[in-house]
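Please read the model below with its confidence values in mind. The text starts from the whole chain and ends at single residues.

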Amino acid sequence: MLDRRDFLKLAAALTAAFGAKGIPQPVAAALQEVDPRSVPKLLYLQGLSCTGCSISLLQADSPSPLAMITDYSQLVFHTDLSSVSGKMAMELIESFIDGRAGEYILAIEGAIPAEMPEACIIAHKPFADYLERAAKTMTAAVAIGSCACDGGIPAAEGNPTGAIGLREFYRRRNVDKLVIDIRGCPVHPDWVWHTISHLVKVGVPELVDGAPKLFFERRLHEQCPRYYDFQEEIFAAKLGERGCLFKLGCLGPITFADCPTRWWNGGRTWCIDTNAPCIGCASPSFARHKALPFYRLSEGKVK
């Protein structure tokens, strides 16, 4: 007989097998109609970051990363993926930011060092300079990952750079352009590629607090397979035990994301499934305050 945990894992696997957990239907239908010649170009720049979000994007599944950046979008530049470099790379970037290369969507990974511009330089110019100029020519911007959205780890309490996210950067400069926040550390590839696909063919997705409602509408805690344990006050006393992980530091109650139903690594697993508490990486407050570490103490009740 299957216990509750094994049943949920089996149900999730069957759901994925039958495609119910795949690309949202409006996006899937749109992808079938995309003419690569008509899609806006994607200019991908990086600020203060570890490149973890870029690595995560390469784990996309159905469509593959190659299909996403060649068939369903036109990725014109990415620091890690582009073969062009040096002077040629800068000429390419400048041609878009100056408005000479046509319409484009600006994708940003990493935070902006608002109080220490020299902490992030591209070709002898502060990263912020490119963002200010791009605001005049871009169609829209997509902030990819917690650092790009809210500052993330570079904006942790006590940091000297004054790191902020793209939305706050533009707010301070009174820039009124569409900015879509896709949080996560790293970001889930589906959240990014499906959002970009939606922008390309369907239009601006429905947003909640600046993020796609499709992925970030519901509290992770409410979707968790261990929510019943929380209600019954069945708490794990140490990692690896059955039961709700709240007393071991789980931040699911303050995090909005669809990780419990989408899963990670091609739908194979996710944090709670591996007995790891949610660290709230999709929350705007992620990594910001010293008083709320990734794995907080269990209020002194668990040794």
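Predicted model: local features only at pLDDT ≥ 70, side-chain atom pairs only at ≥ 80, totals over all residues.

The mean pLDDT of the chain is 84, and 83% of the residues score at least 70. Confidence is highest in strand β4 (residues 112-113), at 98, and lowest in helix α1 (residues 4-17), where the mean is 39. Over residues 1-24 pLDDT stays under 50; the model has 29 contacts beyond four places in sequence for that stretch.

The chain holds 13 helices and 11 strands. It has 303 residues, of which 48% count as buried. Among contacts between residues at least 6 apart in sequence, 75% join residues at least 24 apart.

Next comes the sheet. Five strands form an open sheet in the order β2-β1-β3-β7-β9, with parallel pairing. Its edge strands are β2 (74-78) and β9, each of which pairs on one side only. Direction ignored, neighbouring strands of this sheet are turned by 20 degrees against each other on average. Strand β1 (residues 41-46) runs parallel to β2 and is joined to it by 4 bridges. For L42, the bridge partner in β2 is L75.

Helix α5 (residues 86-97) touches β1, β2 and β3 (104-109), and its direction makes about 120 degrees with that of β1. Helix α9 (residues 189-202) also packs on the sheet, touching β1, β3, β7 (140-144) and β9. The direction of α9 makes about 155 degrees with that of β9.

Now to the single residues. Leaving aside neighbours within four places in sequence, A134 is in contact with I97, Y104, L106 and Y170. The C-alpha atoms of A134 and G99 are 8.4 Å apart in space, while the two residues are 35 apart in sequence.

R173 lies in the loop between α8 (166-172) and β9 (179-182). With a relative accessibility of 34%, R173 falls between the limits of 20% and 50% and therefore counts as partly exposed. R173 and E132 are 41 residues apart along the chain, and 8.3 Å separates their C-alpha atoms.

Technical notes
Residues numbered from 1 in each chain as written. Heavy atoms only, no water. Contact = heavy atoms within 4.5 Å. Helix = DSSP H or I, 4+ residues; strand = E, 2+ residues; numbered from the N terminus. Buried < 20%, exposed > 50% of the residue type's maximum accessible area, 1.4 Å probe, protein only. pLDDT = per-residue confidence, 0-100. Pairing = 2+ DSSP bridges. Axes fitted to C-alpha atoms, helices over the stretch in contact; angles between N-to-C directions.
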